[in-house]
Amino acid sequence: FLALKIANINWQSKLNKAAHHTSDYSSTEVILRRGQAFTISLNFQTTVQPWDNFTFIASTGPSPAESQHTKVIFNLSDEGASGWSATQEHSEHGCMNFTIVSPANAVIGRYKLKLQTDSGNKFSSVLLGHFVLLFNPWCPNDDVYMANEKDRQEYVLNDSGIIFHGVEKYIQQEAWNYGQFEEDILDISLAILDRSLNHRKDPSIDVSNRNNPIYVSRVISAMVNSNDEKGVVEGKWNGKYRSGTNPLHWSGSVTILRKWYRRRYKPVRYGQCWVFAGVMCTVLRSLGIPTRVITNFNSAHDRNINLSIDKYIDISGKTLHLTEDSVWNFHVWNESWFIRRDLGSFYDGWQVLDATPQEVSKGIFQCGPASTKAIKEGDVNLDYDSSFVFAAVNADCVTWIHYSNKRKERIYSNTRKIGKFISTKAVGTNSRVDVTDNYKYPEAGSLKERQVYKKALKLLGVSSTGRRTKVTRRRRRFSVARRQNMTVPTGKPTVSGKLNLDASPVIGQDILLTLSLRNLITDFKTIKVKLSASAVLYTRKPKTEILQWSRSIQLGSEEVKEIPFKISYSQYKNALMDDRKILVTALCEVRQGNSLLMEKDILLQDPFLTIKVFGPTVVHKAANVQVTFTNPLSETVTDCVLRAEGSGLLKEQLQINVAQMAPMEPSTIEFEIIPYKSGTRQLQVDLVSNHFSDIKGFVMLDVTLVQ
């Protein structure tokens with residue numbers, strides 16, 4: 001017996017990568033997608049005999065086992081029970097070409113491939129090499145299959161994107177570098193799976209479950225935050241960020257993921273919702289799961305899942321922290337595309353995942369996947385965490401005045417405030433697409449939306465007052481009011497009002513507003529107005545009071561009065577948080593009438609930053625970039641840093657110190673990029689300063705292979 005000896009193993013890397021849509025990965029590894037054929041060529045030093053039998057063994061994980069589908073043994077034949085198959089193609093003397101096909105439900109991860117030969121009951125085995133197997137949105141039998149090629153290009157292959165933020169009436173966009181194909185990112189994504197609690201508890205079971213995008217995406221939602229498993233990003237919403245990076249300073253996932261990996265899995269400080277979502281999008285796209293980033297404006301955080309967000313204020317209009325419920329100006333999460341074998345085909349499609357650590361789910365800070373169709377239909381009893389997401393987009397909002405004698409008066413109830421302008425980046429462009437209709441039925445004049453809301457209340461065992469009880473709605477409402485010393489408003493309002501901005505507010509300038517009050521009846525009215533303004537976080541949590549005044553306003557019969565006021569730069573400059581948000585509240589107490597509450601979310605605009613790239617952008621050829629920005633303040637600013645990054649343009653984040661910026665004067669900085677990948681590329685620029693929040697901008701570049 002003479003063992004077969006292999007002189008050369010050719011994994012046909014270029015051919016296979018092109019066929020499997022993995023050419024963009026900056027890796028020398030063989031990267032393949034499941035459910036699809038790949039080719040391997042073997043050159044033998046010894047002659048292959050007709051009686052030689054070939055058996056392939058593919059294995060993954062620390063304890064491969066056929067029973068766990070982490071080890072498969074298949075011959076040169078038709079597809080076996082494992083779903084793996086190998087066939088011999090046209091071969092020349094001394095060289096054999098094999099086509100190997102993995103099943104569309106194969107476990108994803110890093111594999112070993114061995115060839116075992118049987119020649120007259122004499123066995124020999126040789127390691128052919130390693131490969132990484134990913135989910136395959138191009139394969140109709142894969143759970144993550146996506147039929148539209150433009151969608152696949154956007155949600156799997158696009159390595160940059162846009163994340164929307166701001167407030168509902170002033171939506172802003174920010175560029176984000178996903179960079180899922182950059183060096184080390186796929187390795188890091190696989191390492192994230194290997195660091196999970198599930199893997200540490202039972203590695204073999206964990207790896208065997210990696211054939212299921214439901215399982216994999218849920219594990220990633222837990223691992224992107226650091227709360228339970230020493231995951232990637234540590235969240236922080238309060239205080240200073242001296243021991244880490246301000247969440248607003250991040251412009252992409254690559255730097256974060258590499259930092260976590262290179263520092264031996266120490267959580268990266270700090271992140272907030274858009275950072276968690278950006279990182280999770282990178283990881284899931286790198287593994288082959290179609291994923292996008294979603295922003296929900298006026299997003300409810302309903303701690304007790306009673307679908308009612310209660311806010312309490314005192315008689316001056318100041319927010320009281322009597323409940324853990326909150327409404328964030330915006331919240332960012334992810335959607336991934338796959339079928340739901342656990343729920344039924346109706347719930348296939350986009351699934352919500354949220355890595356921001358807000359509430360525990362089955363004992364761990366994780367959220368999803370929750371089917372958007374389940375959320376829209378009010379099926380809040382379905383896995384996973386659909387009730388939490390339903391509340392985020394569909395809870396009712398109730399505001400109460402809390403008096404010193406513990407009496408409460410309900411002054412505001414809104415069924416339409418929560419879940420506005422749910423947004424994502426369009427396919428193929430940077431424009432905003434509104435996907436609110438995917439989450440709920442129209443709220444204006446729609447009976448269906450209220451029917452779904454009531455269905456959700458019933459499934460959660462919650463009465464219409466927000467109490468977990470079976471008492472009828474009408475009786476319960478007033479009995480609760482009496483027992484808890486509440487006042488439920490009755491009758492029509494006698495006064496209406498509105499807070500208006502006189503001009504777009506720009507950082508460094510005074511903010512001009514007008515309070516408009518209208519008497520809706522013919523009787524004379526005296527109104528006591530208590531107005532306050534506070535610097536707030538994007539979670540709408542007040543941090544520093546800026547302004548407070550009160551005055552009495554007399555309104556004649558059906559009279560309208562406009563009261564102008566301003567918040568000067570000197571008043572807000574030391575109070576403003578990095579979020580650049582101010583909440584103005586006007587509480588109007590009407591004699592012999594219901595109280596009136598008005599709120600205005602103000603987002604101060606930064607000056608624009610312009611980016612110019614000179615000449616054509618060509619792979620491996622330098623291009624000059626010029627960035628111009630203006631100091632928005634009437635004072636000299638020092639110690640600024642300009643940061644730039646972009647997949648395919650800069651291999652590491654670029655940082656340039658800006659020594660000094662004169663008051664209200666433009667400044668220009670120039671630097672060089674050398675593109676290393678062709679195609680449409682996104683260059684992000686961020687001016688960081690201790691004196692004002694980040695000024696960010698981006699430009700899209702078409703990089704060619706030859707000039």
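K530 has S550 in strand 28 as its bridge partner. The pair belongs to a predicted model. Strand 27, residues 525-536, runs antiparallel to strand 28, and twelve bridges join the two.

Both strands are part of an open sheet of four strands, ordered 28-27-30-31 with antiparallel pairing. Strand 28 (542-555) and strand 31 (596-603) sit at the edges, and each of them pairs on one side only. From one strand to the next, the twist averages 15 degrees. In general, strands of a sheet are held in pairs by backbone hydrogen bonds, in a parallel or an antiparallel manner.

The protein chain as a whole is divided into the domains listed here.

| Domain | Residues |
|---|---|
| domain 1 | residues 6-134 |
| domain 2 | residues 159-460 |
| domain 3 | residues 495-603 |
| domain 4 | residues 609-703 |

Taken over C-alpha atoms, the centres of domain 1 and domain 4 are separated by 46 Å.

An unreviewed UniProt entry carries the annotation "domain: Transglutaminase-like" for residues 265-357. In the model, this span is 44% strand and 15% helix, and its end C-alpha atoms lie 18 Å apart.

How confident is the prediction, by mean pLDDT of the protein chain? The mean pLDDT is 90, and 94% of the residues reach 70 or more. Over residues 469-488, however, the pLDDT is below 50.

Note on methods:
Residues numbered from 1 in each chain as written. Predicted model: local features only at pLDDT ≥ 70, side-chain atom pairs only at ≥ 80, totals over all residues. Heavy atoms only, no water. Domains from an automatic or database assignment. UniProt positions renumbered as here; feature names shortened; annotations may be inferred. pLDDT = per-residue confidence, 0-100. Contact = heavy atoms within 4.5 Å. Pairing = 2+ DSSP bridges. Axes fitted to C-alpha atoms, helices over the stretch in contact; angles between N-to-C directions.
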